[in-house]
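Let's take a walk through this one together, step by step. Keep the view open and turn it as you read.

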Amino acid sequence: MIISELKPYEELQQALADFDKLFIVGCAACATACKSGGEDEVFKFQEWLNEQGKDATGSVIIDEACHIARAARDLRHHKAAVQDADALVVLACGSGIQSISSNVDKQVVGGLNSMFLGNVRRFGQYEEMCSLCGDCILNETAGICPVTTCAKGLLNGPCGGMADGHCEVDAEIECAWSLIFERLKSQQRQGVFARRVPPKNWSRRFQPGRYRLKDGES
Amino acid sequence: MSFLSEQLGNGQFVVTAEIAPPKGTDLSEALAAVEKLTGITAVNVTDNQGANMRLSSLALAARLQQQGTETVLQLTCRDRNRMALQSDLLGAASFGIENLLLLSGDHSKFGDHPDSRPVFDLDSVQLLDMAAGLMAGTDMAGKSLDGVPEFFPGAAVNPAAEPFELMFQKVAKKVDSGARFFQTQSVFDREILERFMLAMQPLQVPVIAGVLLIRSSRMARFLNDNIPGVQVPETLVQRLDSAEDSLAEGVEIAREAVAWAREHCQGVHLMTLGHEDRIPEILS
């Protein structure tokens with residue numbers, strides 16, 4: 001899921017300075033799991049707005065704010081409250097914010113910072129393991145992504161900063177290459193160590209990304 | 001052919017030293033430090049070392065090369081994508097720079113621009129492959145070059161890194177990718193150096209041992225806390241601590257490391273950080 005957190009209140013105060021009446025949008029998917037844009041947070045945000053002397057004209061939690069058509073439909077259901085607002089505040093990831101902004105003419109203020117695609121260690125503890133680079137070598141690295149989990153994204157082994165199997169950037173973190181090495185060894189295969197990995201094909205990480213199932217696949 | 005490659009090829013014990021470009025445009029101090037270097041085969045020019053922004057290593061190396069000082073150009077993957085790296089390497093060749101030390105580079109988090117976006121488009125193995133490709137006349141896109149560079153590419157290694165077996169598989173990859181010599185991270189432990197040199201034997205690639213002049217226990221502790229891959233053993237920290245003249249003790253420690261290198265390695269790389277005048281003593 002996309003990991004997001006609430007922007008600092010000082011930043012939000014500035015972003016909302018020109019508006020008195022706001023419609024609040026949350027997201028029932030990732031932002032709810034991150035406790036950044038679910039029902040509780042939308043409610044809390046509304047209270048904070050009131051403390052700032054502002055009004056909330058209404059709110060909606062969209063099932064998946066990134067779903068452009070669903071966002072449009074849910075906003076239509078709250079047409080009057082949206083119309084009544086000076087702007088919309090969106091407590092969703094950057095993707096969700098843009099689903100909303102593409103569906104309304106009013107100014108949209110994003111309330112969250114979007115951080116990464118996260119795996120769930122346990123509720124409330126998220127870790128980045130994939131950077132969606134489009135050119136996956138996980139099959140050779142015993143299922144551990146060095147592009148993401150090595151601080152330098154190296155493809156041919158650890159850097160000179162590895163110390164006792166830990167990362168030079170954060171001694172608390174195990175070196176990705178040390179983990180890959182140990183796991184491959186326990187599986188009794190060479191994997192990525194069998195070859196020199198050529199430079200990464202970054203063009204596989206389409207930017208901006210677009211993808212459409214071909215006819216007949218859907 | 002560079003002096004460095006010639007001397008290593010002849011089995012002569014080489015001595016290289018290290019110089020950092022200034023933070024600014026005034027080269028006078030760096031050039032004066034180079035003047036003080038005697039009995040040196042080549043001068044390493046560091047590339048934004050410790051991820052601290054300085055004048056470009058290529059610019060200073062070019063200047064030294066034009067003055068007749070042979071250089072080893074350090075080039076890191078941290079700040080440049082593959083186009084910039086190729087471009088700088090061709091630029092280096094145009095100034096007659098042949099010796100290269102090709103590195104991944106310290107993470108930008110450690111330096112004075114921690115907010116910068118680290119690049120690492122290539123890793124050090126891929127950078128070595130790329131240099132080999134340029135020498136064979138083609139760039140990474142497979143296009144032929146108009147004028148082909150001649151390089152003597154080297155790579156870095158930290159003999160103290162653990163797990164050793166994992167560190168060493170990368171050494172082997174670097175050799176496959178055309179590393180013609182290795183320069184080690186600072187060596188402080190004879191046994192660690194011996195273990196590494198034993199593993200290196202079948203690869204037949206010369207090793208230049210890194211020797212760092214530590215002037216005080218305070219500096220040793222700073223290195224331990226802040227410089228990736230450098231760990232000064234506690235026994236040495238205490239020697240520096242209890243010494244009357246800690247710089248003299250540091251020189252003595254460096255002399256011991258040079259002695260181990262003479263026994264096991266093909267050369268020594270001196271990092272004296274402003275104390276270039278002590279080099280004759282360290283080598284004596």
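Predicted model: local features only at pLDDT ≥ 70, side-chain atom pairs only at ≥ 80, totals over all residues.

Searching the whole structure turns up seven aromatic pairs over all chains. One of them is W177(A) with F193(A), an edge-to-face pair at 5.7 Å centre to centre and 65° between the planes. This pair ties together distant parts of the chain: W177(A) is in helix α8 (residues 176–186) of chain A, while F193(A) is in the segment after α8 of chain A, 16 residues apart. W177(A) and F193(A) are both buried.

Now hop over to chain B for a stacked pair, F164(B) and F168(B), with 5.8 Å centre to centre and 15° between the planes. Here both partners sit in helix α6 (residues 164–176) of chain B, four residues apart, or about one turn of the helix.

In chain A, the charged end of K200(A) sits over the ring of W202(A), 5.2 Å from its centre. In chain B, K109(B) lies over the face of F110(B), 5.7 Å from the ring centre.

Next, look at how nonpolar residues gather. In soluble globular proteins, nonpolar side chains tend to be buried together. The largest nonpolar core here has 89 residues, and W177(A), I19(B), L60(B), F182(B), F196(B) and L270(B) are those with the most contacts inside it. Helix α10 (residues 246–264) of chain B gives this core its largest share, seven residues. There's also a second, separate core of 33 residues, and C27(A), L49(A), L75(A) and I97(A) are among its members.

Zoom in on L60(B) and you'll find several residues around it. Setting aside residues up to four places away in sequence, L60(B) touches I19(B), A20(B), P21(B), L27(B), A30(B), L31(B), V45(B) and L55(B).

T16(B) counts as buried because its relative accessible area is 1%. Beyond residues up to four places away in sequence, its contacts include L4(B), I40(B), I208(B) and L270(B).

Finally, see where the two chains meet. Chain A puts 29 residues into the contact, and chain B puts in 29 residues. The area buried between chain A and chain B is about 2,300 Å², with 55% of it given by carbon and sulfur atoms. On the chain A side, K152(A), N156(A) and R196(A) lose the most area to chain B, together 27% of what that side buries.

N156(A) is worth a stop of its own. You'll find N156(A) in the loop between α7 (146–149) and α8 of chain A. With 0% relative accessibility, N156(A) counts as buried, so look for it under the surface.

Technical notes
Residues numbered from 1 in each chain as written. Chains lettered and ligands numbered in written order. Heavy atoms only, no water. Buried < 20%, exposed > 50% of the residue type's maximum accessible area, 1.4 Å probe, protein only. Contact = heavy atoms within 4.5 Å. Core = buried A, V, L, I, M, F, W, Y, C linked by side-chain atoms within 4.5 Å. Helix = DSSP H or I, 4+ residues; strand = E, 2+ residues; numbered from the N terminus. Phe/Tyr/Trp six-rings, centres within 6.5 Å; stacked < 30°, edge-to-face > 60°. Lys NZ or Arg CZ within 6 Å of the ring centre and 35° of its normal. Buried area = accessible area lost by both parts, 1.4 Å probe.
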